[in-house]
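Please keep the sequence and the structure in view while reading.

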Amino acid sequence: MTKPNKPIVTHIYTADPSAHVFEGKLYIYPSHDLEHDRPSNDNGDQYAMEDYHVLSMDDVSAACEDHGEVLHVKDIPWASKQLWAPDAAYKNGKYYLVFPARDHENIFRIGVATSSSPAGPFKAEDNYIPGSFSIDPAVFIDNDEKAYVYFGGLWGGQLEKWQTGSFNPDAEGPAPTEPALGPQVAELSEDMLTFKEEPKEISIVDEDGHPILAGDEDRRFFEGPWVHQYNGLYYLSYSTGTTHKIVYAVSENPLGPFVFKGTILKPVIGWTTHHSIVEFKGKWYLFYHDSSLSKGLNHQRSVKFTELTYNEDGTIQTIDPYPE
Ligand code: FUB
């Protein structure tokens, strides 16, 4: 049986869960962490994932099923290594796995693979999405059926290196007193395989409309964007990286600007924190990961979930990952 705040599977290490309801079941699209003892660094070389598995649950208390390997890096012509946090979407009668990986020049790109089933297997396109860069894609399909992909991540995720519109391997992030880099967003074409337009940076501001600054590490965007809708508003949630929180900001428009609101999840065991939010059978859930099962190994993480509660004013109650 699957229990809140416990790993949903323990036979493999999983991370970066993107949860969706497809065909009446909860499907979870995680990264598949590998066991190794190679050194760790700020570039994230320890996150050396090579394939994806799909997980599903008939109900939050039912056992979690592992549908096995659904895509391997050797079957992705454009990719060389590091299959990081994926997401999935349903459109046009097909399922799309949208994922980042390093290309053959060591640059992170975002690619698409398709399947007729939410459980895969997925077949990768020959090339990555033209004009794509960085990591952590999250697809949001709006009420008008427009599909947006939000993405980006600092440090190993290379977002800093694209500030001029092309890849500069030596570029650093903005100074602490400058506006932080926001996540990127692009509308996807009808077939979900290309960007309809050039990606744009999302602005995240405080309650007075001032941009969140790069030095404001408790609130600035680091990686892992996720967008969901609640009571007609768009919620952008993300990891603050160096301060290890999942936080959120709200907007009336899927393209922002988003106004910072607060913390959803306090720090977990392990350096990274990464999440998704999904409504299932009338309740809201936060899927996240930590490194408790591996006793704190940053690159051997386990997906967990817990219920998420909104206050009457639409704010989200802060979650303690280790309740008494
Ligand atoms: O799993 C590799 C990277 O770690 C993800 O892309 C980030 O969001 C962080 O969880």
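The shell around the ligand is made up of five nonpolar, three polar and four charged residues. The model is a predicted one, and its protein has a mean pLDDT of 97, with 100% of the residues at 70 or more. For the complex, the predictor gives an ipTM of 0.98 and a pTM of 0.98.

**Ligand surroundings**

- The residues that surround the ligand are D16, Y47, M49, W84, A85, I135, D136, E223, T272, H274, H289 and R301.
- A polar side-chain atom of D16 is placed 2.5 Å from an oxygen atom of the ligand, and a polar side-chain atom of D136 likewise lies 2.5 Å from an oxygen atom of the ligand.
- For R301, a polar side-chain atom lies 2.7 Å from an oxygen atom of the ligand.
- Taken on its own, the ligand has 280 Å² of accessible area, of which the protein covers 99%.

**The five-stranded sheet**

- An open sheet with mixed pairing is formed by five strands, which follow one another in the order β14-β18-β17-β16-β15.
- Strands β14 (204–205) and β15 (223–230) stand at the edges and have a single partner strand each, so one side of each is left without a neighbour in the sheet.
- Within this order, β17, which spans residues 246–251, pairs with β18, which spans residues 258–265, in the antiparallel sense and over five bridges.
- V259, in β18, is the residue that V250 stands opposite.

Notes: Residues are numbered from 1 along each chain as its sequence is written. This is a predicted model: local features need pLDDT of at least 70, side-chain atom pairs count only at pLDDT 80 or more; totals for chains, interfaces and linings use all residues. Side-chain values use heavy atoms; hydrogens and water are left out. pLDDT is the predictor's confidence in each residue, from 0 to 100. A residue is near a molecule or strand if one of its heavy atoms lies within 4 Å of it. A polar contact is a pair of N or O atoms within 3.5 Å; within protein, one must be able to donate a hydrogen and the other to accept it, and residues adjacent in sequence count only if both atoms are side-chain atoms. Accessible areas come from the Shrake-Rupley method with a 1.4 Å probe; for residues, only the protein chains shown count as cover. Ala, Val, Leu, Ile, Met, Phe, Trp, Tyr, Cys and Pro count as nonpolar, Asp, Glu, Lys and Arg as charged, and the others, Gly among them, as polar. Two strands pair if DSSP finds at least two bridges between them. Helices (H or I, at least four residues) and strands (E, at least two) are DSSP runs, numbered from the N terminus.
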